[in-house]
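Please look over the sequence and the structure shown here before reading on. The paragraphs that follow lead through them step by step.

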Amino acid sequence: MQRSNFLFVAALVGGFFSGAFAQPSQAADEYLYDGVHSSISFKARHLDISWIHGRFNAAEGKFSLDRENPANSKFELSIKADSVDTANAQRDEHLRQPDYFDTKQYPTIDFKSTHVKAIDGGYEVQGNFTMHGKTRPVTLKLIGGKEHVFKGTKRVAFSTELSLKRSDYGFDPKAIGPIGDEALILIDCEGVGK
Amino acid sequence: MPDPLLYVAAQGTATVAGAVFVLAIGWFWKPVSTARFQAAAVVGIAGGLGAGYYFLRLHVAWPPLNGLDRFLIIVLPAALCIELGTTFSRVPRSLAWLMRFTLAATMGRILVHDSVYVSGAEPEWSPMQAVVVLFTCSALIAVVWGLLVFLSVRSPASVSIPLALALTIQCTGISIMLAGYLQGGAAAFPLSAATVGTIGSLRLLTSSPNVHAPIGVCVVGLGSLLMIGRFFGGLSTEVALILLLAPLLCWGTELPQLRCRPGWVVGLLRLLLVAIPLAALLLQAKRKFDRETAPLLMQASESQCDGEMHRRGGQGLAAGSMPPILHDCTPRSLNNMSLNGRKKGAAMYPNCCRPRWFCQRQQVANRVTHNPFPRYGLLIQIPSASISTLRFRDTSSAIMVSNLS
């Protein structure tokens with residue numbers, strides 16, 4: 001009887017302390033960028049009358065998503081500039097040259113988040129965007145975040161758009177020419193749970 | 001987009017600035033000596049380069065980020081400083097050559113620094129490959145440098161050697177531009193122009209100037225531009241090699257039959273010998289440009305005119321009043337088409353079975369006369385008997401032919 005009372009008290013005390021002082025054990029979910037089900041495309045003005053569309057076919061990245069505490073979330077994306085594809089091989093080769101992406105000198109276009117906060121319908125992610133050797137702070141609005149478990153693997157997806165000026169990233173102003181300075185990057189990203 | 005007028009103006013500025021610097025130094029810094037002339041040549045080229053690049057407004061980043069930045073900020077000033085340093089009589093000749101070869105040995109590594117070739121998790125070159133490639137480049141540049149300086153010492157008409165180098169640098173710039181790298185090509189123009197201005201004014205001041213310094217700066221400039229064009233631009237290895245070795249054809253005048261000719265004849269022959277392969281190379285580069293890059297530009301220039309036509313055509317077809325396309329002289333990119341056994345030039349005009357020159361002439365005619373229906377121009381020109389011999393790619397056009405005949 002004495003022994004059972006001791007165990008009861010110990011369980012109560014233990015339960016109190018674990019409930020009062022222990023941190024919640026739920027960690028941020030880790031995801032890898034799914035290149036098969038994701039798309040990074042861009043469009044730029046041509047002669048200020050139309051849009052030229054293109055895409056980057058190769059990218060890698062990862063993100064961790066903490067829904068309880070979004071500030072702990074992190075997003076990283078690295079686009080291979082060499083994989084630029086505008087459905088015209090000659091133009092792609094021209095875009096890889098130093099007047100444009102200079103892929104031999106700057107092989108990747110990178111984004112790394114610095115601060116994440118939840119907004120209605122997704123997350124607002126502040127971070128550093130590096131292209132053509134220049135890094136500038138940008139803010140992305142990631143819309144989505146809906147989870148889906150497919151064949152036992154958790155998946156989550158986001159969409160975002162980023163408008164930038166090529167002249168801000170060290171592109172030669174003379175090379176801007178008939179292609180507009182402003183470009184729009186559209187990212188539809190699906191992450192696969194680790 | 002390339003701006004030929006800007007390039008010409010920058011070259012003019014560089015030439016005049018180089019000449020003025022040399023003449024001013026020659027006028028005010030007396031008594032004149034060989035060493036002073038050499039120093040004047042270096043200052044003249046530096047002044048010409050400064051003026052030319054300022055006029056050209058090349059986009060250069062500080063700290064240097066890419067190969068061109070490193071060429072303009074590190075390699076070229078280093079070459080000028082070394083050549084200026086060697087003009088002092090206290091500097092032994094062996095030390096001068098040691099500095100020159102050190103620059104030749106390191107400039108390749110400087111230019112490709114931080115690029116995919118030598119940096120990153122998986123560099124494109126293995127360490128051994130990088131050593132072999134960079135050593136080969138440096139050795140070739142050092143050999144060209146040494147042989148040209150040796151030639152300038154042993155034969156008259158030494159001013160023709162830097163002029164031949166200037167000619168080669170000019171062709172290098174154009175070749176790099178035609179290969180698709182505008183800024184890299186434009187960087188060559190002030191260098192060649194400043195050299196011409198400097199050498200011209202030196203020749204006015206003295207009949208046999210020492211041209212070691214201009215040769216040094218030009219060889220370093222030529223080698224760097226070729227490496228930038230090859231490793232970062234679209235210049236091929238063969239073209240880069242020919243351009244680097246072309247100035248060595250100046251040695252052709254050392255043949256016994258030519259060696260004893262008057263100085264101006266020897267100089268002219270040297271320029272001619274160097275110019276022949278360069279002209280052939282430029283022709284080849286222009287053809288490649290016409291084949292690969294020009295269609296993109298032509299599409300750009302034609303897009304507004306064609307856009308109007310497409311809209312009209314679309315409306316017409318929808319209303320049932322506009323005939324289908326019979327002959328399409330609109331150039332197309334080579335990417336999305338099959339050649340169907342036709343010769344390659346015709347591939348620019350996928351819906352057209354006429355020779356390429358015919359389509360181009362048709363386009364020019366459409367532009368000159370402002371023909372509102374450029375696609376239908378041939379409908380009037382082709383006799384009905386010959387229409388049946390035309391081959392069409394789409395059935396709508398074939399139907400149109402049968403209706404006509």
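This is a predicted model: local features need pLDDT of at least 70, side-chain atom pairs count only at pLDDT 80 or more; totals for chains, interfaces and linings use all residues.

Two residues are said to be in contact if their C-beta atoms, placed from the backbone, lie within 7 Å.

Chain B itself can be described next. Its secondary structure comes to 17 helices and zero strands, and of the 405 residues of chain B, 41% count as buried. If one takes the contacts in chain B with a separation of 6 or more, residues 24 or more positions apart account for 74% of them.

How do particular helices of chain B pack against each other? Helix 6 (residues 160–178) and helix 8 (residues 188–205) of chain B have axes that come within 8 Å and cross at roughly 165°. Angles over 145 degrees count as roughly antiparallel, and helix 6 of chain B and helix 8 of chain B are therefore roughly antiparallel to each other. Their crossing is left-handed. On the side of helix 6 of chain B, the residues that make the contact include B:Leu163, B:Ala166, B:Ile169 and B:Gly173, while those from helix 8 of chain B include B:Phe189, B:Ser192, B:Thr195 and B:Ile199. By class, this contact of helix 6 with helix 8 of chain B has 11 nonpolar, five polar and no charged residues.

A second pair is formed by helix 4 (residues 93–111) and helix 5 (residues 127–154) of chain B, which pack at an angle of about 145° with their axes 8 Å apart. The crossing of helix 4 and helix 5 of chain B is right-handed. Among the residues that meet there are B:Arg100, B:Phe101 and B:Gly108 in helix 4 of chain B, and B:Leu134, B:Ile141 and B:Trp145 in helix 5 of chain B. The contact of helix 4 with helix 5 of chain B has, by class, eight nonpolar, two polar and two charged residues.

Strand 2 (residues 39–46) of chain A pairs with strand 11 (residues 179–193) of chain A in the antiparallel sense, over seven bridges, and the bridge partner of A:Ala44 in strand 11 is A:Ala183. Strand 2 of chain A is also joined by seven bridges to strand 3 (residues 50–56) of chain A, again running antiparallel, and here A:Lys43 has A:His53 as its bridge partner.

Some details of the backbone remain. Most residues other than glycine have a negative phi, and most peptide bonds are trans. In the hairpin of strand 2 and strand 3 of chain A, which has three residues between the strands, A:Leu47 takes a positive phi near 55°. A:Lys151, in the loop between strand 9 (134–150) and strand 10 (153–165) of chain A, has a positive phi of about 50° although it is not a glycine. Finally, the peptide bond from B:Trp62 to B:Pro63 is cis, with omega near -5°, and B:Pro63 lies in the loop between helix 2 (34–56) and helix 3 of chain B.

Conventions:
Residues are numbered from 1 along each chain as its sequence is written. Chains are lettered from A and ligands numbered from 1 in the order in which they are written. Axes are lines fitted to C-alpha atoms, for helices over the stretch in contact, and angles run from 0 to 180 degrees between N-to-C directions. Helices (H or I, at least four residues) and strands (E, at least two) are DSSP runs, numbered from the N terminus. A crossing is left-handed if the near helix is turned anticlockwise from the far one by less than a right angle, and right-handed if clockwise. Ala, Val, Leu, Ile, Met, Phe, Trp, Tyr, Cys and Pro count as nonpolar, Asp, Glu, Lys and Arg as charged, and the others, Gly among them, as polar. A residue is buried if 20 or more other C-beta atoms lie within 10 Å of its own, exposed if 12 or fewer, and partly exposed in between; C-beta atoms are placed from the backbone. Two strands pair if DSSP finds at least two bridges between them. Angles under 35 degrees count as roughly parallel, over 145 as roughly antiparallel, 65 to 115 as roughly perpendicular and the rest as oblique.
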